[in-house]
Amino acid sequence: MSSSVSTTMGGVVVVTHVHPTPQSAEPKRPVGIQKFSRGWPMALGTIQIIIGLMTLLFGIVMAINANTLGVFSGFFVWGALIYIAAGSLTVAAGKSLNRCRVIAALVLCVIAAVAACIATILYSLDASGILYFPCYDYNHDYSWHNSCYTYKVFSLIVVLN
């Protein structure tokens, strides 16, 4: 409900209209937080959590039977933890839009992106065979499905992921 007040002073009529703020209106937020909220933070955080879980699970499968640079670096553990932490913080920042959480989520997303670049380099070196780690088949099974073949397939799956 708006209200009007008119006063007369010295032959001049001053009319003042007062319009109350609607109850459902959101408070004005800084431009950076508005851009963050328009960037689908809930979807981004959910995808980061899923990528972290997939990295952990594929890493556990690779660690069972392979001598690779990716396994030796432990990326499947620390990289997965970074992804899961970044995703969780992004989801939390998307729900409450607190300035501190938004900044922390953005910083952790940048760290996750750097970790992804490092992982791409490590797994690409593994898949290309530039750094050779010998594959030993302790079962003395000379069929096509030896441990070296399995290692190459797992490395390609992680690189393509």
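**Residues and helix packing**

Author: Happy to! Val 71 lies in helix α3, which covers residues 69-73. Please keep in mind that this is a predicted model.

Reader: Does Val 71 count as buried or exposed?

Author: The relative accessibility of Val 71 is 16%. The cut-off for burial is under 20%. Val 71 falls below that limit, so the class is buried.

Reader: How far is Val 71 from Gly 59, C-alpha to C-alpha?

Author: Along the chain, Val 71 and Gly 59 are 12 residues apart.

Reader: Thanks! What is the order of the elements along the protein chain?

Author: The protein chain has six helices and two strands. Starting at the N terminus, the order reads β-β-α-α-α-α-α-α.

Reader: And what percentage of the residues of the protein chain counts as buried?

Author: The protein chain has 161 residues. A residue needs a relative accessible area under 20% to be called buried. The share that counts as buried is 25%.

Reader: How many nonpolar residues are in the contact of α2 with α4?

Author: The crossing of α2 and α4 is left-handed. By class, their contact holds 10 polar residues and one charged residue, while the nonpolar residues number 17.

Reader: What separates the C-alpha atoms of Ile 51 and Ala 80?

Author: These two residues are 29 residues apart along the chain. The separation of the C-alpha atoms of Ile 51 and Ala 80 is 7.6 Å.

Reader: What about Ser 88: how far is its C-alpha atom from that of Gly 45?

Author: Ser 88 is found in helix α4, and its relative accessible area of 36% makes it partly exposed. Gly 45 is 43 residues away along the chain. Between the C-alpha atoms of Ser 88 and Gly 45 there are 6.1 Å.

Reader: Now the next pair, please. Why are α4 and α5 called roughly antiparallel?

Author: Helix α4 covers residues 75-96, and it packs against α5 at an angle of about 155°, with the axes 9 Å apart. The limit for this class is over 145 degrees. The pair α4 and α5 is therefore roughly antiparallel.

Reader: How many residues in the contact of α4 with α5 are nonpolar?

Author: α4 passes α5 in a left-handed crossing. In the contact of α4 with α5, two residues are polar and one is charged, and the number of nonpolar ones is 22.

Reader: How far apart are the end C-alpha atoms of α5?

Author: Helix α5 has 30 residues, 99-128, and at 1.5 Å a residue it should span 44 Å. The value in the model agrees with that, because the end C-alpha atoms are 43 Å apart.

Reader: How far is Ala 112 from Ile 84, C-alpha to C-alpha?

Author: Ala 112 belongs to helix α5 and is one of its buried residues, which also include Val 102, Cys 109 and Tyr 123. Its relative accessibility is 3%. Ile 84 is 28 residues away in sequence, and the C-alpha distance between Ala 112 and Ile 84 is 9.4 Å.

Reader: Last one: how much of residues 43-64 is helix?

Author: UniProt, in an unreviewed entry, lists residues 43-64 as a "transmembrane region", along with 70-91 and 103-125. The end C-alpha atoms of residues 43-64 are 32 Å apart. This span is 0% strand, and its helix content is 100%.

Methods:
Residues are numbered from 1 along each chain as its sequence is written. This is a predicted model: local features need pLDDT of at least 70, side-chain atom pairs count only at pLDDT 80 or more; totals for chains, interfaces and linings use all residues. Side-chain values use heavy atoms; hydrogens and water are left out. Helices (H or I, at least four residues) and strands (E, at least two) are DSSP runs, numbered from the N terminus. The expected span of a helix is 1.5 Å times one less than its number of residues. Buried means under 20% relative accessible area, exposed over 50%, partly exposed in between (1.4 Å probe, protein chains only). Axes are lines fitted to C-alpha atoms, for helices over the stretch in contact, and angles run from 0 to 180 degrees between N-to-C directions. Angles under 35 degrees count as roughly parallel, over 145 as roughly antiparallel, 65 to 115 as roughly perpendicular and the rest as oblique. A crossing is left-handed if the near helix is turned anticlockwise from the far one by less than a right angle, and right-handed if clockwise. Ala, Val, Leu, Ile, Met, Phe, Trp, Tyr, Cys and Pro count as nonpolar, Asp, Glu, Lys and Arg as charged, and the others, Gly among them, as polar. UniProt positions are given in the numbering used here, feature names are shortened, and annotations may be inferred rather than shown by experiment.
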